[in-house]
Amino acid sequence: MRTIESYFAPFPVLETERTILRPLTYDDLDDMFSYCVVPAVSEFTTWDAHQSKEDTKAFLDFVMSRYETDLIGPWGIEDKHTKRLIGSCNYLGCDSDNRRVELGYVLSDQYWNQGIMTEVVNRIIQFGFDELGLERIQARCLVKNTGSAKVMEKAGMQFEGVLRKYMKVKNELQDLKMYAILRSDYK
């Protein structure tokens with residue numbers, strides 16, 4: 001049985017109606033900084049808003065090392081029209097034995113409420129089930145993150161419950177909503 005990571009050599013480039021999902025590069029630094037510096041973008045993430053381009057470069061350094069050592073890392077979300085990086089999405093916590101991944105994503109606030117992240121998540125779900133043979137794709141969000149919850153619901157993920165005091169986010173244990181879609185739900 002192939003590992004999930006083995007499908008990322010070479011890194012798969014995916015497409016949606018409005019975006020190209022491709023590996024991040026150092027050329028994305030300015031575009032990434034432009035949305036990572038916005039406090040509203042990082043409000044419901046585990047990371048704080050970037051204070052300088054050095055913060056963004058440090059994240060890109062981490063991503064490049066992931067690409068090299070683990071093969072798998074985030075897809076950059078490129079707007080087809082502007083050719084700019086507008087966000088990223090990835091599979092976290094890959095479990096090849098149980099054919100399961102977790103989704104994570106972030107999008108520039110300039111692109112919120114346009115259905116772009118739902119479009120991207122739908123494509124990542126399709127890739128996971130059709131190409132990787134996954135059985136379960138899950139995602140979590142802070143209870144207060146209604147935008148992310150809506151994305152998951154629109155992508156066909158089902159709410160499974162609240163994980164109470166599940167994860168420390170910005171120095172405080174937080175409740176998280178768990179969503180998932182199974183292969184049998186997808187078909």
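A salt bridge is a side-chain nitrogen of Lys or Arg within 4 Å of a carboxyl oxygen of Asp or Glu. Keep that in mind as you look at the structure above, which is a predicted model. Going by that rule, the count here comes to 12 salt bridges.

## Charged pairs

In general, side chains of opposite charge can pair when their charged atoms come close.

| Pair | Closest N to O distance |
|---|---|
| Glu119 and Arg18 | 2.8 Å |
| Lys53 and Asp30 | 2.8 Å |

Start with the salt bridge between Glu119 and Arg18. This pair links distant parts of the chain, 101 residues apart: Glu119 belongs to helix H4, while Arg18 sits in the loop between strand S1 (14-15) and strand S2 (19-23). Are the two partners buried or exposed? Buried means under 20% relative accessible area. Glu119 has a relative accessibility of 16%, so Glu119 counts as buried. Arg18 comes out at 31%, which makes it partly exposed.

Because Lys53 lies in helix H3 and Asp30 in helix H1, the pair ties together parts that are 23 residues apart in sequence. Lys53 is partly exposed, with a relative accessible area of 40%. Asp30 is partly exposed as well, at 45% relative accessibility.

## Helix H1 and what surrounds it

That last pair brings us to the two helices themselves. Two packed helices are described by the angle between their axes and the distance between the axes. Helix H1 (residues 29-36) packs against helix H3 (residues 53-69) at an angle of about 115°, and their axes are 9 Å apart. The crossing of H1 and H3 is right-handed. On the H1 side, the contact is made by Leu29, Asp30, Met32 and Phe33. H3 brings Lys53, Thr56, Lys57, Phe59 and Leu60 to that contact.

How many residues of H1 are buried? It's 6 of the 8, so H1 is largely enclosed by the rest of the structure. The buried residues of H1 are Leu29, Asp31, Met32, Phe33, Tyr35 and Cys36. What covers them? The cover includes helix H2 (39-42), H3, strand S4 (85-95) and strand S5 (100-107).

## A surface patch and a buried glutamine

Val143, Phe159 and Val162 make a nonpolar surface patch of about 240 Å². One of these, Val162, lies in strand S7 (residues 158-169). Val162 has a relative accessible area of 40%, so Val162 is partly exposed.

Gln174 counts as buried, because its relative accessibility is 19% and the cut-off for buried is under 20%. Which residues is Gln174 in contact with, leaving aside neighbours within four places in sequence? They are Leu142, Leu163, Lys165, Tyr166, Met167 and Val169.

## Two glycines in loops

Finally, here are two glycines to spot. Gly133 is in the loop between helix H4 (116-130) and strand S6 (136-142). With 27% relative accessibility, Gly133 counts as partly exposed. Not counting residues up to four places away in sequence, Gly133 touches Arg99, Gly128 and Arg183. Between the C-alpha atoms of Gly133 and Val151 there are 23 Å, and these residues are 18 apart along the chain.

Gly156 is found in the loop between helix H5 (146-154) and S7. Gly156 is also partly exposed, at 35% relative accessibility. From Gly156 to Cys94 you move 62 residues in sequence and 20 Å in space, C-alpha to C-alpha.

Terms used. Residues numbered from 1 in each chain as written. Predicted model: local features only at pLDDT ≥ 70, side-chain atom pairs only at ≥ 80, totals over all residues. Heavy atoms only, no water. Patch = residues over 30% accessible without salt bridge, like charges linked within 9 Å, V, L, I, M, F, W, Y side chains within 5 Å. Areas by Shrake-Rupley, 256 points an atom, 1.4 Å probe, with all protein chains shown as cover. Helix = DSSP H or I, 4+ residues; strand = E, 2+ residues; numbered from the N terminus. Buried < 20%, exposed > 50% of the residue type's maximum accessible area, 1.4 Å probe, protein only. Axes fitted to C-alpha atoms, helices over the stretch in contact; angles between N-to-C directions. Left-handed = near helix turned anticlockwise from the far one by under 90°. Contact = heavy atoms within 4.5 Å.
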